[in-house]
Amino acid sequence: LVSDLSCRFNPRELECKGAESDQCLTGAQVSSLERLYGDLRDPKTNVLIAPGYVPSGENETGPIGGGVRQYAFGAAPGQSLQVAFSTGYFGGFVFERRDWDFRTFDLTRDLSTARQKLGALMDATNPDLTKLRKSGGKLIQYHGLLDGSIPPAMSTQYFDAVQARMGKTDDYYRLFLAPGVLHCGFGPGPNVFGNLGFPGADADHDTLLALERWVEKGVAPSSIIATKYTDEDPRKPAQRTRPLCPYPQVAKWDGKGDINLSQSFNCVAPGT
C-alpha cells in the first residue's frame with residue numbers, strides 16, 4: 001500500500017503485447033485507467049479541476065464506501081457511487097430536476113453553473129487562513145490514501161496552496177495522510193485514530209484529543225498513531241499500529257523493529 005503520493009504507476013505497462021487475454025489489458029482499458037489516475041482538466045482551458053486517484057487498493061470495500069472500483073464502476077454500468085453522487089448533486093442541487101441524466105453532463109458548462117450557484121456554500125478551496133491564524137485557531141486535516149471518493153491529492157494540493165499563500169503553517173495547520181485508509185475510515189491499513197467516532201486512547205492516538213491538546217496546551221502533533229484492530233473492532237486486540245505523519249513527511253521503518261509497532265517507524269522527509 002502506498003504511504004504517500006509518490007507512486008508513478010504507468011498503466012501502459014499492462015497493455016497486451018499480442019492477443020487479448022485476462023493477463024493483460026486492452027488499449028481501451030488502459031486508456032480508462034489513465035483517465036482515472038490522471039488529472040481532470042477543463043477540455044477547453046486545460047485548467048486543473050481535480051487530481052486523479054492514487055493507485056493501490058482499487059478493490060477494497062468498506063461500510064461507507066470503498067476503493068476506486070466501487071466508486072467509479074459499481075456493481076453494474078450506471079450503478080457506481082460517483083453516478084449516485086453526481087445525480088444527487090447536479091440533479092438535486094444544481095439543476096433541481098429529478099429526471100436529470102448524468103450522461104448529459106458537460107464539464108465546462110455545468111461545472112461553471114454549479115460554481116456560480118453553490119460555490120460560496122459548498123466549496124472549501126480558499127487558501128487564505130489568515131482569520132484562523134490570527135484567532136489562535138488550530139486545524140488538523142486527514143485524508144485516507146485509498147479514498148475512492150475524493151482523490152487524496154486534493155488535500156495535499158490545498159495544503160500546498162495554503163503554504164504558498166501564507167508561508168509555513170506548522171503552528172496552526174497540519175495535514176495527515178493515512179495509508180491503507182478508505183473514505184474517512186476503514187480499509188486494510190491502521191484505520192482508527194479518533195475518526196468516525198472510534199476514539200483513540202489519548203492525544204497521541206486521537207485527532208480530536210490531539211487538536212484539544214494543541215489548542216489548550218500548545219503541543220502540536222508531531223504524529224498521530226493509527227491502530228488496526230482485529231475484526232475492525234476497537235474492543236478487540238490491536239494487530240498493528242503506525243504513525244500518521246504531518247505532510248509532507250512519511251513514516252519510515254527503522255530497519256530493525258517490529259513492523260507492526262508504531263515505535264519502529266519515524267516521520268521523515270520523503271526520499272530520506
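Residues are classed by relative accessible area as buried (under 20%), exposed (over 50%) or partly exposed (in between), using a 1.4 Å probe and protein chains only. The structure is a predicted model, in which local features need pLDDT of at least 70 and side-chain atom pairs count only at pLDDT 80 or more, while totals for chains, interfaces and linings use all residues. Side-chain values use heavy atoms, with hydrogens and water left out, and residues are numbered from 1 along each chain as its sequence is written.

A salt bridge was defined as a side-chain nitrogen of Lys or Arg within 4 Å of a carboxyl oxygen of Asp or Glu. Twelve salt bridges were found in a search of the whole structure. One of them joins the side chains of E96 and K117, with an N to O distance of 2.6 Å. E96 is located in the loop between helix 3 (81-94) and helix 4 (107-122), and K117 in helix 4, so this pair ties together parts that are 21 residues apart in sequence. Helices are DSSP runs (H or I, at least four residues), numbered from the N terminus. E96 is exposed, at 59% relative accessibility, whereas K117 is partly exposed, at 40%.

A salt bridge is also formed between the side chains of D99 and R97 (3.1 Å, N to O). D99 has a relative accessible area of 57% and is exposed; R97, at 44%, is partly exposed.

In the salt bridge between E232 and K228, the closest N and O atoms are 2.5 Å apart. E232 is partly exposed, with a relative accessible area of 33%, but K228 is buried, at 8%.

Terms used: Helix = DSSP H or I, 4+ residues; strand = E, 2+ residues; numbered from the N terminus.
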